[in-house]
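Colleague: I have a new model open on my screen and would like to learn how to read it. Could you walk me through a few features, one by one?

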Amino acid sequence: MEKMSRVTTALGSSAINGRTMFCHLDAPANAISVCRDASQVVVAGRNIFKIYALEEDQFVEKLNLRVGRKPSLNFSCADVMWHQMEENLLATAATNGAVVTWNLGKPSRNKQDQLFTEHKRTVNKVCFHPTEVYMLLSGSQDGFMKCFDLRKKESVSTFSGQSESVRDVQFSMKDYFTFAASFENGNVQLWDIRRPDRYERMFTAHTGPVFCCDWHPDDRGWLATGGRDKMVKVWDMTTNRAKEIFCVQTIASVARVKWRPEKKFHLATCSMMVDHNIYVWDVRRPFIPFATFEEHKDVTTGIVWRHQHDPHFLLSGSKDSTLYQHMFKDATRPVDKANPEGLCFGLFGDLAFAAKESLISSDSNRKPYPGGDRRYPIFFFKKPDQTEQFAHVSSALSVFETDLDSNCMDWFVKTAQLYLLCGKPFAELCDHNAKVARELKRPQVSTTWTMLRIMFSDPANLTPGPNHPLSKLGTLPLMNSFNMKEMNSGMGAESRLERSKGESRQDNSHLEPGNSLISNNNEDNEETEGSEGQAEYMFGDAELDDDDLYSMEHDNQTEEQEYTLPQEAFQLRHEIMDNPSAPEHLQQDKADSPHVSGNEAEVTCLTPIESFSLISISQPLFTPQLPASFFCPIVREMLSYYAEKGDVQMAVSVLIVLGERIRKEIDDLTQEHWYTYIDLLQRFELWNGPMR
């Protein structure tokens, strides 16, 4: 192999100087590689193949390796690597399946040295041996890896990964004969170059394709891998089985991973799509990047540290056709933008609060934690590293404990012991369980039982029970009572009694318009003779307001001529000049009531004897308009709410009490899951009498 002077002179032992800078490329870059002394970088892509000199304040183009009027596909590069032992030797992986070596020492314009065309598909990766000058390794889309001796015209070994694609190959930095290969099926294989027939070790590293891998430069057993599952994992290969020791979760598929020189726990990554940034991670703190470079406007395709012993310069190429040199001191520091305070609730209500000590000590207006419990202060100190440019802070953690009595589950035991789920009518069960929940200070559960009673009870039996809240409201006032004391003698008690017994009299005297028989003044409304108290009334499923009853227009009486009221009642209603006639359905329901005979339908006197009210009735005026099945979807959602909240006790109790009313609305699998509550009752012997 010919040798000649370098394209540019080496920097020797002088320190590397520079700044954050970039240059525009002729085309998007697919890969970059740097020479051993960090003075030059080669950029390769589908339509670019150039060498740039790294000067102190700019990139300078030194050589264009893409020559000829119509360059062949051998110049279309998917990957490139500069040999770290031989300063004039480069290798590229071509998209047409060729592996090409380039000798910069050739005097001709075309620097192509050797061409290997043994791969059938695109070559994804090429890698020189770190200490052996003439050994080159390649990995292809065809699933094969080949080892070339550059002194020969063909490969010396072929390794079959038994997979459809090899995405990366890397020689170990410390183990002469070992290399690692990553595959699209998520596996990573370790091979010994002396045994091409079978891999030494294989393990599944990621749930999707593994796009990249990199051996740690100092620790011989650490291998970093990155994949489509957006994770970077660090494996310890010194054990019998590969052991995952660190895992970093990123936000996009990981395309490249490179360990940072001189920093054992730092590595750099870039993404294959979506995310354009370059991240430097401390694998010990995987939740936030240690540093971020945000200069590129498109996907970053190649990253490399400028020198293998200098951690402060990072080179990158991108699809946005730019080449960057990043100074580590200019990196964005995500930790500076992170929230300096943290807050979290524990399982039993304990509150943990963490904050930087500098915030707590510098804020003179910060009040002491009211009622807080700082019996467990925990201080996190990290010894500063003078080589890093990032500030190190200490944080204080305060724990505020919750009173254990406020979170006790005594209500669960008492509810299990006191609930009634069977053995009594439905309404009584609901009232009893509502009372139990109310006494245990669970108002929402109590209200739920009350609503279930209203939804599914027979409307004729809606009279509030002794435990029902409505019973505490007292009797309702009698609205618009008719005072019968001023009626003429023909309307005596005897005749009223006879009419109440069903004797029909057709010759009832008509009330004259001038008679003042109705006292509409609220001050004159009083309990009439013979009544035992104020009458109660119900309007359908709820109480009726008198304004609602008399809200119809007066002209409605002319529209309903087919209906005729009993004679006396009809005349009385027409004597009220300020109020419209009663709705048709009120009188119709009264006449159709099964508790009123045909003769009784014509009488004008209602109990109590001395007074009567048109809205004082013994039965609901309306039949229920909403069947019980109408509420089933609502109840189903309610049961799911309680179950998701963790109160399976309530869900199962309602399911048992409602029975067939709701059971068909809940699928069998869900019911079976909820009925584990019954197992709890049996385990803790919380059966009450009816539940046995």
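Modeller: Gladly! Let's begin with the terms: helices (H or I, at least four residues) and strands (E, at least two) are DSSP runs, numbered from the N terminus. Keep in mind that this is a predicted model.

Colleague: Thanks. How many helices and strands does the protein chain have?

Modeller: On that basis the protein chain has 15 helices and 34 strands.

Colleague: And what share of the residues is buried?

Modeller: Buried means under 20% relative accessible area. Of the 692 residues in the protein chain, 47% are buried. As for the surface, the chain exposes about 36600 Å², and carbon and sulfur atoms supply 50% of that area.

Colleague: Now a sheet, please. In what order do the strands of the open sheet 10-11-12-13 pair, and is the pairing parallel or antiparallel?

Modeller: The general idea comes first: strands of a sheet pair through backbone hydrogen bonds, either parallel or antiparallel. Here, four strands form an open sheet, the order is 10-11-12-13, and the pairing is antiparallel. Strand 10 (123–128) and strand 13 (155–160) are at the edges with a single partner strand each, so one side of each has no neighbour in the sheet. From one strand to the next, the twist averages 20°.

Colleague: How many bridges join strand 10 and strand 11?

Modeller: Five bridges, in the antiparallel sense, with strand 11 covering residues 135–140. For a pair to look at on screen, find valine 126, which stands opposite serine 138 in strand 11.

Colleague: Let me try a single residue. Is serine 157 buried or exposed?

Modeller: Serine 157, which has its place in strand 13, is buried because its relative accessible area is 15%, below the 20% cut-off. Leaving out residues up to four places away in sequence, serine 157 touches Met145, Lys146, Cys147, Ile193 and Pro196.

Colleague: Could we do a helix residue too? Which residues does glutamine 671 touch, not counting those up to four places away in sequence?

Modeller: Glutamine 671 lies in helix 14 (residues 668–674), and it touches Leu655, Arg663 and Ile666. The C-alpha atoms of glutamine 671 and leucine 655 are separated by 8.6 Å, with the two residues 16 apart along the chain. Glutamine 671 counts as buried because its relative accessible area is 7%.

Key. Residues are numbered from 1 along each chain as its sequence is written. This is a predicted model: local features need pLDDT of at least 70, side-chain atom pairs count only at pLDDT 80 or more; totals for chains, interfaces and linings use all residues. Side-chain values use heavy atoms; hydrogens and water are left out. Two strands pair if DSSP finds at least two bridges between them. Axes are lines fitted to C-alpha atoms, for helices over the stretch in contact, and angles run from 0 to 180 degrees between N-to-C directions. Buried means under 20% relative accessible area, exposed over 50%, partly exposed in between (1.4 Å probe, protein chains only). Accessible areas come from the Shrake-Rupley method with a 1.4 Å probe; for residues, only the protein chains shown count as cover. Contact means heavy atoms within 4.5 Å.
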